[in-house]
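Student: I would like a close look at one part of this model, and then at how the rest of the chain is described. Please keep it to what can be computed from the atoms or read from a record.

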Amino acid sequence: MRKNLGRFTIYMLLLVLVISSTTFGKGLAKSAKPNENSNKPGQDIQGPAPVFNDVSVHDPSIVKDGDTYYVFGSHIEAAKSKDLKSWETFTNGYTTPDNAIYGDLSKNLAGSFEWAGENDSDSKGGFAVWAPDVYWNENYVNEDGSKGAYMIYYSASSTYIRSAIGYAVSDKIEGPYKYVDTIVYSGFTKEEAYDANSKVNKKWTNTNIQDLINEGTLTGPRTGWFNSNGSFANGNFPNAIDANLFRDKEGKLWMTYGSWSGGIFVLEIDEETGKAIYPGKDGKTEDGRMIDRYFGTKIAGGYTKSGEGPYIVYDKNTDYFYLYVTYGWLGVDGGYNMRQFRSKSPDGPYLDASGQDAVLPGNVDHTPYGNKIMGNFLFERKVGDPGTGIGVGYMSPGHNSVYLDPETGKQFLVFHSRFPETGEMHEVRIHQMFMNKEGWPVVAPYRYAGEEIAKVNRQDLIGDYKFINQGKDYSAEIKKSVFISLNKDGTISGDVEGTWEKDSHNTAIITIDGATYTGVFVRQWDPTSERYVMAFTALSKEGVSIWGSKIESKTDKEVVGAVISDLSLGDTDKVISNLNLPVEGTNHATISWETSDSAVVTNTGVITRPEAGKESVKATLTATVTKGEVTATKSFDITVLPYKATGLTAAYSFESSLKDNDGKFSDGTITGNRIDNTGGTITYTEGKSGQAAVFNGESGVRLPNGLISSNTYSVSVWLKPEQLTNYTTTFFGARDSNNWVSLLPNGPIGGNTMVWSGSGRWYDAPAGLTINKGEWTHLAFTVDKGTINLYVNGDKKFTGTNFPDIFTTSNGSFSLGVNWWDTPYKGAMDELRIYEGALSPGEVANLAQANR
C-alpha cells in the first residue's frame, strides 16, 4: 500500500509539472523550457553573440521548406536561411533569359506583360515584377496529372493602378517557375485609352474579364468600375498587386491582395487549378462591406488611403485570422508602418483592438485605424551609453509577412526596413512576436537572435529603461526613445509616469496616462550595447504599441563620469561644418554648452567660416554635465578653417556644341538612353546665357572621364525640366556602378530635388522642395571632405556630414541626363561648371544671380 501511494505521489508531481509548463505558455507563443535559473534574481545571463548575415529583399514573403526558410520579394530577389539570422541570396534580379526564378523572363511571363510590367509606362526600359508570395499547394494538379506544386503569385505593374496578378508553378521551391495564368487585372478603362510611354490599350476588354463573361462566370462589366469619364474608379476598387495565399480552418485556399486605391480584397482560390473563384455577382456582406463580382470581398482600406502588402495568418490557438497591412509610403521619408487587425472569418470583418473595422467608413483620416505594431523608431544611444553610433532603429519598416511555426507555436514578423542616416538602403529584418493575454501578437523590440520566452523575476525588472511609444500616427518623424524607471513600488517615473506589474511568469501590465498595455517581458540581444538585456513589449486596447529596453543603472557620479569620458566632438582642429552638440547624456544627464567666441562657433554649434584667403579662427567650447547634485566640465578647442580658393575645372556652356570652354577636357559625346550606349540626339535652344542643350528624354551626354578626382569639389548648373520623373539624373558621376553621385530634380525623398549618392550606404541630401517644370532653376552642390551643401537659386537648402568619398580615382565616369538605370532627363540644361574645391555661399549666390 505504501509503494502504491509513493507511485501515486510521483505521478501527481509529474502531472503538476506538466500542467505548470502548459500554464506557463498559455496565451503566449510556445517555446523551449525556461532556463532553470531564469527565476532567480540577479542572473546576468550572457550567451554567445548572435551571428547575422543580412540581405536586401524588398517586400519579403516568408515560406519554409524542410529545414530552410525562404523570403521572396520584389524585383525578383529572394534569399534563404536555416536560422532566420544568417541569410544568403540565390537570385539574379531581372536577368533574362537566364532568370533564376522565371527562366526566360520576357517569354515566360508574356501573358502578364501584355497588360503591364515590361518596358511600359513606369517600367519603361525595364521590368516591374513585384511582391510575390510562394505557397506549397499539395492539391495542385500539374499538367501530367500529378499533384503538388510550389505556386508563386506575383504582381506585374506599369502604373499606380494598372497592374495584374499572375501565377506560375514549379516542382522546386527555388524554381524555375512556369507561367500558368493571370487572374486579376486593375486599372482598366471603359473605352480605349493609353498611359504615357505606353502602347497598351487599357480598355477592359483587353483583360481576362471578357473571357469570364464569355464562359458565363460574369454577366458583364460593372458600371461602378468606371468614373464618369471612363477611367478606372480606383477609389473603390483595388490595385492588383501584393498577393498572399492562406488557408482557412476548413482547408479552403484564399488570396488577399491590393494596394492603396480602393483597399484590400480577398478571393477564394481553386486549389486544384490555382485560379480565382470569382463571386460572379455584386453584393454586400452581412456587415455591409462590398462584394464585387470580379475583385472579391473588401476587407480593408479604401478611398485611395495608404494600405498595402496585406498578409493573413490563421492561428488555431486563438481561432483568429490576423490581417497585417502597411500604411504610408515605402521611401525613407514615407512613414511606412505596419498595422494589425483580426477576424473570426477569412473574409472579415477584420477589427483592431478597439473594435474598429479595417474597411474605412468613408474618406477619413485612417491613422486611428489598426493596431500600429511598428513604425519609425530609434533606441537612441546617448553620450555615455555603452557601444558606438546613434543606436538601433528603423525607418519605414513594412510590407511584412508572418511565419507561425505549426510545431513550436513561435511566430515571427518578417519585413524590410530602411535605417536612420543610411538613405534608401534596405534589408530584411525578423522580429519574434508573442501573444498577449487579449490574444494579440505583440512584436519584440529587437530583431530575432534566438531568444526564448521564459519566466522572469520581478526584481530583475526594476530599473531604468529606454522607452518607445509607437503612437498611431505615421510620418517621417522618428519615435526616439525616452528615459523611464520601473520602480520597486510598481510606479513608473521619468519622461512618462504610470504603473507596472508582472503577472504570471512573464506577462507585462503597464498603465500610462490611463491606458493599459499588456504584453510580455523577454530578454533580448541589444546590438548597441552588444549584450542581452531585459525588454518588454505591450499593446493597448487603443492599438498603441510600447517597448522598453533596460539599461544599466548607475549612481549620479558614475553617470557624469561616463558622459565626460564618452563626450567627443571629433576632430576639432580642422572644422568646416556645423558641430552637433549633444544636450543629453545617459540616464537623463544634462549637457549645457558655453562658447568663448560666438562669432566663431555658437553655443549650439553653428560655425562661421572665413572667406578664402583669410586665416583660420579659434574658440573654445565648454560642456557642463549634470546629474542630480553632481557636475563636471569638459572643454574643446575649436579651429574653424577658411574656405579654400576654388578653381574652375570644366565649363560646358552648350553654345551649339558640347565643348569644354575652359579647354582642359575634351568635348562631351551624345549617348542614347543609358550612359554607355549610342543613338541619341541633343539639340539646342535659347538658354539662360546664349544657348542651352535640349535633352529629349531618350538621350544623354557622356562627359570626359576624370572630371572630378577629389573629395573637395563643386558642381553648378541651370536646369529647365520639361518632365519630372523619379530618379532621373541631370549630373551623374561614378567611380563604378556601385559608387556614384547624382543630382536629381525629382528624387526618392518625397519627390524632392536632391543630391543622391550610393556607395556602401545610400546618402540623401534633399532640398525640401521640388523645382518647377518649365522654368529655369539654378542648382549647385559642394562637397568638402565629407561635408555636402545643396543650393537652389543661391539659397542653401541642405547641409550634412559623412558624405561618401566617391571620386578616389582619376578615371571616374560622368554624364548628363542619363545613368545606367533610370528614365533619362527631358528638358533644357545650361552653364554646367565643375570646380575643384568647395564654393562658398557667396560664390554660389553670385553664380545664381549671374544670368538672371
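Student: In β29, which residue is the bridge partner of I492?

Tutor: The bridge partner of I492 in β29 is G498. This is a predicted model, in which local features need pLDDT of at least 70 and side-chain atom pairs count only at pLDDT 80 or more, while totals for chains, interfaces and linings use all residues. Residues are numbered from 1 along each chain as its sequence is written, and side-chain values use heavy atoms, with hydrogens and water left out.

Strands here are DSSP runs (E, at least two residues), and helices are runs of H or I with at least four residues, all numbered from the N terminus. Two strands pair if DSSP finds at least two bridges between them. In general, strands of a sheet pair through backbone hydrogen bonds, either parallel or antiparallel.

I492 belongs to β28, a strand of residues 491-494. Two bridges join β28 to β29 (residues 498-503), and the two run antiparallel. L486 of β27 in turn stands opposite G463. Five bridges join β25 (residues 463-469) to β27 in antiparallel fashion.

These strands are part of a closed barrel of eight strands, in the order β25-β27-β28-β29-β30-β31-β32-β33, with antiparallel pairing. Neighbouring strands of this sheet are turned by 35 degrees against each other on average, direction ignored (axes are lines fitted to C-alpha atoms, for helices over the stretch in contact, and angles run from 0 to 180 degrees between N-to-C directions).

Elsewhere in the chain, an unreviewed UniProt entry lists D59 and E308 under "active site"; UniProt positions follow the numbering used here, feature names are shortened, and annotations may be inferred rather than shown by experiment. The two span 250 residues in sequence, yet no two of their C-alpha atoms are more than 10.3 Å apart, so they gather at one spot.

D59 sits in the loop between α1 (2-25) and β1 (61-65). D59 counts as buried because its relative accessible area is 8% (buried means under 20%, exposed over 50%, partly exposed in between, with a 1.4 Å probe and protein chains only). Not counting residues up to four places away in sequence, D59 touches F72, G73, S74, A131, H399 and H416, where contact means heavy atoms within 4.5 Å. The side chain of D59 also makes a polar contact with the side chain of H58 (3.0 Å). A polar contact is a pair of N or O atoms within 3.5 Å; within protein, one must be able to donate a hydrogen and the other to accept it, and residues adjacent in sequence count only if both atoms are side-chain atoms.

E308 lies in strand β16 (residues 308-315) and is buried, at 10% relative accessibility. Beyond four places in sequence, the contacts of E308 include D242, W260 and Y336. The side chain of E308 makes a polar contact with that of S259 (3.1 Å).
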